[in-house]
Structure formats: structure tokens, C-alpha cells
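Biologist: Let us go through this model and ask what each label rests on.

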Amino acid sequence: MGDLVAKSGCPLCAGQSSTLIEELSVGEIVLLYQRLVPSYNLDGAFRSAKIALVSCNQCRLGYFTPAAVAPEHFYEELSTLPWYYRGEKPEFEFAQKFIEPGNSVLDVGCGSAAFAQYVDRARYVGIEHNPGAVRCARENGLEVEHSCLEEFSGLGHSEFDVVCAFQVLEHVLLPGEFIDQLMRWVRSEGTIIVSVPAADSFISMEVNEPLNLPPHHLTWWFDRTLHQVAEIKGLNLIWVQHEVLSDQFRDRYSRCLMHEVLLRAAGRERKIVDVSRFGRSVLRLASVLGKLIEPGLRSSRLSPRGHSI
């Protein structure tokens with residue numbers, strides 16, 4: 001694995017120097033996904049029995065190597081989970097502030113195009129790879145192309161005032177090239193808005209959370225990484241905004257907090273994946289104890305950083 005990490009370049013900046021964070025068993029990752037969706041078949045998604053999470057020493061992007069690729073059906077099956085495509089996200093309200101009436105807006109990886117309702121006075125166009133989500137958006141009268149960004153037709157546009165990618169960068173195999181494509185579609189004085197799961201928040205400390213692992217999340221994004229993107233790509237960074245912990249993630253934060261307390265009391269180190277008997281027992285106890293402190297987090301003064309940035 002050491003040789004593998006050394007030879008795998010960063011998918012954002014192409015840097016060749018990285019630091020190993022943790023080595024993971026693919027079999028254990030597959031088990032976590034099958035607990036989430038029993039019908040999942042991840043054959044072909046992984047190329048080896050183990051993968052590594054590493055941090056690029058140049059841009060600090062966290063990425064998994066060797067890279068995994070989600071099967072064709074992967075996101076369609078995820079979309080059957082009622083909470084997967086959320087109609088309301090804190091980043092939607094924040095992004096809305098940068099969009100003026102009449103602006104042309106391209107929403108990349110738009111899902112069922114929930115963001116469109118926040119910019120109803122703009123000219124909205126979406127791109128989505130999941131055909132089920134595209135059908136849903138079109139049934140609501142929205143202009144959404146079933147495509148990937150590299151093959152996008154433009155739908156009559158040569159460029160857009162605002163290009164958005166909400167919770168997309170962490171899913172793409174080559175985020176550096178993906179950002180180049182975003183830049184291709186935004187006008188010279190336009191705005192690119194992205195949101196990603198915040199690796200500087202509690203989510204990087206969660207254990208046995210398959211959706212923060214390949215083939216769903218291929219990269220982890222830290223604040224420093226986002227600042228590096230602006231430098232690497234020659235962009236003017238306007239704002240970096242962390243959401244406050246939302247009601248949706250309060251239980252996960254509480255469980256994560258109590259899990260960390262229990263591990264430190266036992267003198268054990270946290271692992272990203274821990275399906276051992278001890279690991280499962282600690283997680284169950286953390287879930288119970290987490291419910292006791294969760295009500296106290298309803299105060300805005302006690303709320304930490306939330307899921308996204």
C-alpha cells in the first residue's frame with residue numbers, strides 16, 4: 001500500500017507527495033453499504049482488497065487510492081432513500097444571495113432540481129446524471145439535461161452568469177478537471193458556487209458512515225483545500241461559509257461526540273471503519289448517550305459547525 005500511495009497523484013493539483021491517514025478494508029466498506037441498502041452490488045467498484053485515505057501534502061485534499069468508481073445503478077438506488085435528495089439545504093439559501101433576477105444559472109449535478117425554487121426569477125438550467133432525478137425535475141416543468149458536465153450541450157447557452165455545484169465535487173473522480181469545466185461555462189466576470197461536506201467538521205470523525213467513503217465520496221474537502229483551489233485555478237475567492245449544525249445532523253453529531261468520549265476513556269484510537277465487536281458495541285452505546293445530550297444542542301450558542309461548507 002505504501003508504494004501505491006506514493007505513485008498516486010492528487011486528483012486536484014496532481015501533487016505526488018501525500019500522507020497516509022488510514023488504510024481501509026474494501027470488504028468492510030462493502031458490508032457497510034449492504035447494511036444501508038441490502039440490494040447493493042458493488043462488483044467492479046473497487047480494484048483492490050484495500051484502499052487508503054491520504055492527504056495531499058500540497059493542497060491538503062483528502063482522497064482515496066486506488067480510486068473507486070460507482071456502478072451505473074449506484075445513485076438510482078440511493079435516490080430510493082427518502083432523505084437522499086433533500087428539498088431544502090442551508091447552502092441553497094446562502095447561494096441565493098449571489099443570484100440576481102434575470103441571471104442565467106447552471107446547476108451541475110442538480111438532482112431533482114430543488115435549488116430551482118430558490119431562484120425562480122433567474123433563468124435556471126440543470127444537469128444531472130441520474131435518470132430518475134431528471135424525470136422528477138422535468139415532471140415539475142424544469143429544464144434539466146440528462147448528461148455529465150463534459151458532454152453538456154448548453155441548452156442554447158454558451159455561458160452562464162452563475163454556475164453551481166452543490167454536494168458534487170466529492171463524488172467526481174478528477175475534481176481538478178471538473179473545476180476546469182465549471183470555469184468553462186461561467187462568464188468571465190461570473191460566479192462559481194460550490195458546496196461540499198466539510199472535512200473540518202464532525203463528519204470526518206464519524207465511524208462506519210458508508211456515504212462518506214468510496215464509491216460515494218471519493219474526496220474529503222478541508223478549508224485549506226478550498227483556499228488552495230482558488231490559487232491553483234486563478235480564481236478570486238469571495239467567501240467560505242460553514243453552515244451551523246442543522247436539525248438533520250444533530251443526532252449524528254451527538255453520537256460522534258459521545259463516541260469520541262468513550263474511545264478516549266477506553267484508551268482506544270478512532271478508526272474510520274470499525275466493524276469489530278468492540279467497535280459496534282461502542283457505537284451502540286454512543287447512540288444511546290448521544291440522545292441524552294442532543295436536546296442541549298438546540299441552543300444556537302452551543303451548535304458547532306454543520307455538515308457542509
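Modeller: Helices (H or I, at least four residues) and strands (E, at least two) are DSSP runs, numbered from the N terminus. Arg277 is found in helix 9. This is a predicted model; local features need pLDDT of at least 70, side-chain atom pairs count only at pLDDT 80 or more, and totals for chains, interfaces and linings use all residues. Residues are numbered from 1 along each chain as its sequence is written, and side-chain values use heavy atoms, with hydrogens and water left out.

Biologist: Why is Arg277 called exposed?

Modeller: Exposed means over 50% relative accessible area, buried under 20%, partly exposed in between (1.4 Å probe, protein chains only). Arg277 has 68% relative accessibility, so Arg277 counts as exposed.

Biologist: And why is Val69 called partly exposed?

Modeller: Its relative accessible area is 49%. That value lies between the 20% and 50% limits, so Val69 is partly exposed. Val69 sits in the loop between strand 3 (62-65) and helix 3 (74-78).

Biologist: Which residues touch the most other members of the largest nonpolar core?

Modeller: Cys10, Leu12, Leu106, Val108, Val163, Phe178 and Trp221, out of 32 residues. Helix 6 (175-185) is one of the elements that each supply at least two residues of this core. The largest share, 4 residues, comes from helix 6.

Biologist: What makes that set a nonpolar core?

Modeller: The term means buried Ala, Val, Leu, Ile, Met, Phe, Trp, Tyr and Cys residues joined through side-chain atoms within 4.5 Å. In soluble globular proteins, nonpolar side chains tend to be buried together.
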